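Q: Please take a close look at one part of this structure and describe it in plain terms, building up the picture step by step.

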Amino acid sequence: MKSLRKFMDKIKPHFQEGGKLAKLESVYDGMETFLFTPNTTSRSGVHIHDSNDMKRTMITVVVALLPCLLFAMYNTGFQHFKAIGIDASFWQMFLFGLLAMLPVIVVSYVVGLGIEFIGAQIHHKEIQEGFLVTGILIPLIVPINTPLWMTAVATAFAVIFAKEIFGGTGMNIFNVALITRAFLFFAYPSEMSGDKAFVKLDSAFGYGGGNVVDGFSGATPLGEVATNFDNFSTSTMDAFIGLIPGSPGETSMIAILIGASILLFTGIASWRVMLSVFAGGLAMGALAHSLATPTYPASMLDPLAQLCFGGFAFAAVFMATDPVTGARTKIGQYIYGFLIGVFAILIRVYNGGYPEGAMLAVLLMNAFAPLIDYCVVQANINRRLKRAKAK
Amino acid sequence: MALIKLKKGFDLNLKGQIKQENVADEVTATTYAIIPDDFTGIIPRMEKKPGQHVAAGEALYHDKNDEKIKVTSPVSGTVEDVVRGERRKIMAVVVTPDNTGDGKLFDTRANPKELLLESGLWAMIRQRPYDIVPTTEVRPRDIFITAFDSAPLAPSLKKVLGDDEKYLPKAVEVLSTMTDGKVYLGCPKDYTIDDTRAEVNTFVGPHPAGNAGVQAANVKPVNKGEVVWTLDVITAARIGKLFETGKVDYSTVVALTGSGIAEPTYVKATMGCSLKSLLDGRLVEDDKPKRIIAGNVLTGVKETTEGYLHAPYRHITVINEINKKDEFMGWASLSPKKYSIYRVFTSWLMGRHKEVDLDAKLNGGERAIVLSGEYDRMLPMDIYAEFLIKAIISFDIDKMEQLGIYEVAPEDFALAEFADTSKLELQRIVREGLDKMRAEMC
């Protein structure tokens, strides 16, 4: 490590003002703080600080996403070989998934971090860590067959227009990863839904690939429910395990629950939000189920199935709990979460245009989160005013 | 007597706690000093010039805006120096003691308020709003005295008080004449002072339960237009002693704590004592640079061995500046030595209340506020801390007022500042907010 430290010290002058590479100052700074915890000590105020910082917080979320990522890779391979009717081993499936997903991960990080680096340099600020999480979320929620250039365009759009123009990490109103997906969803609807989007059929870097077997349908369970309910056969257990078509990260309830437990145990995510999203989903699911009608086939699903299918659980655990775009007061978090759950199922069941509503529900509530907080804080203000008058 | 349970906050268990019971002999220093910055709200105008003689309890300077508020010398001796900083701001007033032991004798039959002002003990009290030395024209609604210091490694005030506890009834009697409301006394569970006429509340819970302001917020919060005073039992006992004996006694017991002190201990000393004499031979001898803090690790002031014991504190903490330099990829560390109150590091396996040796490192860069509820869980008041901080940063006077800026002092945010993932300087933000607010309102 000493030699690395020496090397970093040696090249440092080039990146400082007046140096040859002064334009890359933020990049150097980002690298340096990435490699070595800064030796800065407190100047004013408290003399000791908790070891937890933004880097650790974000990396913890990334770790919580790893089970989903690994399962996504496996499932991508599983679906692929199932579709072309070849018996493949676990490792073959995983390798295929890895090769299929790697380009998406690379594109997401290169585009997103690239823009962050440029933004940081323009504003002469330190590079913020927010995109570490967004960058891994994007490959998990974008359908696997989305062309890479679309992912790149959508990521760039989201980072610039949903984040940087608001002031960067911590200032955005809408969840950046979901804006990426929403952009894709509305800009390229034909590529983003239907039977072709969710199962990769062609080869990945020349690996895999083959002809589709008869009777193959790449539709997600919710897509099937919406279009072909009579032949719907996926059980809730299948959805719980997750070997079904869908956006890469969202299929396995097991992987999501492992991630959820990491987030809750470390205290990074708010259990209030998570719990109330599920409560809201259950409540709305139960209501819809009690009024089940073939006009709205999704209402035939029982409430528990509603939670396991589609992106609901993934959104509840990883999207709704984004503290920046969510409600920040405790009471607000209950309301915010509950309404996300309700809206997700409401859209899913009663809006024929969208077989899945989790993304739109979270984005909608992102817009309302400040209002919810405003009301909660206003109650505190009123209490204070009342107290002052009562004396 | 009421029992008030506070849930929010945190008790940090730092290395360097005092193990022995006995108090070391009095340290006599060659110089003593008063640091004007400790008396927030007072702009000093000197009454004594260098070379002049001053008696213990005699004024060194008064407030430029209100001559009646005086800050007095802790010892009898000669004014050695008036240290000035940028733009001739007075940084310290240094006094060389002549060890005569003669303090100024006050007439205890005088008007209590005049006597408090004249003796300099007035300047040891704080008022809310603004966390400043009380202004003379306003009568406080209530007075809150705290009987314990809950900060990390803080001395037991019972120990510091010692025999002087007997002056507390007199102090409460005197303070009662200053307010139309009540004098409240906040006690910890294991130390109840019940022979005064103050209204006693027992506080159970982690730091900052011992902050008088936190106690006030949980007994009777400060509303707009109201003023309360806050002080601790040490200042209260000094007030009692003044009215019984006619003399101001600035002698005290100081706790020397922290991982940088070889043998943490209590020492007898006098307010303003030079740190060189206090710490002589007591520091751990190793090659790591030390950070000497006058006060506790949360609210104390960074000092050097050339510094002095600051007036509001009976506490010195010494920690390492940096325990481990150039830590490689610290954010990925699995080491249980990385202490966090969150379970993001493996240190939670050892227990969050295990004794830890923390250094002065920031452990990260300053960021926008991301995680929610971080400040609220450290502040046992009915205040939305994060929203208040944001209102202060944007200097929205109406919002600050509505969100309760009158109820808070920087010290209340110290623990939140420790825990803050975004590494914001909350105490500085609150201090500046209070100052700007005061400039705007007065």
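A: Two residues are in contact if their C-beta atoms, placed from the backbone, lie within 7 Å. By that test, 49 residues of chain A are in contact with 60 residues of chain B. This is a predicted model, where local features need pLDDT of at least 70 and side-chain atom pairs pLDDT 80 or more, while totals for chains, interfaces and linings use all residues. Residues are numbered from 1 along each chain, and chains are lettered from A in the order written.

On the side of chain A that touches chain B, at least two residues come from each of α2 (25-35), α3 (54-83), α11 (253-266) and α16 (358-390) of chain A. Such helices (H or I, at least four residues) and strands (E, at least two) are DSSP runs numbered from the N terminus. That side of chain A holds 16 nonpolar, 22 polar and 11 charged residues. Here Ala, Val, Leu, Ile, Met, Phe, Trp, Tyr, Cys and Pro are nonpolar, Asp, Glu, Lys and Arg charged, and the others polar.

Chain A itself is divided into domain 1 (2-35) and domain 2 (54-377), with bounds from an automatic or database assignment. The C-alpha centres of these two domains of chain A are 37 Å apart. Their contact takes 6 residues from domain 1 of chain A and 5 residues from domain 2 of chain A. The side of domain 1 of chain A that touches domain 2 of chain A has 1 nonpolar, 2 polar and 3 charged residues.

Domain 1 of chain B gives 20 residues to the contact between them, and domain 3 of chain B gives 16 residues. Helix α4 (residues 212-219) of chain B supplies 4 residues, the largest share of the side of domain 1 that touches domain 3. By class, that side of domain 1 of chain B has 9 nonpolar, 6 polar and 5 charged residues.

Next come the strands of chain B. Strand β12 (residues 183-187) of chain B is largely enclosed by the rest of the structure, because 5 of its 5 residues are buried. (Buried means 20 or more other C-beta atoms within 10 Å of a residue's own; exposed means 12 or fewer, partly exposed in between.) Val183(B), Leu185(B) and Cys187(B) point one way from β12(B), while Tyr184(B) and Gly186(B) point the other way. Strand β11 (residues 142-146) of chain B pairs with β12(B) in the parallel sense over 4 bridges; pairing needs at least two DSSP bridges. Within that pair, Thr146(B) stands opposite Gly186(B). Strand β13 (residues 199-204) of chain B also runs parallel to β12(B), joined by 4 bridges. Leu185(B) has Val200(B) in β13(B) as its bridge partner.

A separate open sheet of chain B has 4 strands in the order β3-β9-β8-β5, paired antiparallel. Its edge strands, β3 (32-34) and β5 of chain B, each pair on one side only. Strands β8 (residues 77-84) and β9 (residues 90-97) of chain B share 7 bridges, and Gly77(B) is bridged to Pro97(B).

Gly57(B) sits in the loop between β5 (53-54) and β6 (59-63) of chain B. It counts as buried because it has 26 C-beta neighbours inside 10 Å. Apart from residues up to four places away in sequence, Gly57(B) touches several residues, among them Thr72(B), Gly103(B), Lys104(B) and Lys247(B). Glu86(B) is 29 residues from Gly57(B) along the chain, with 28 Å between their C-alpha atoms.
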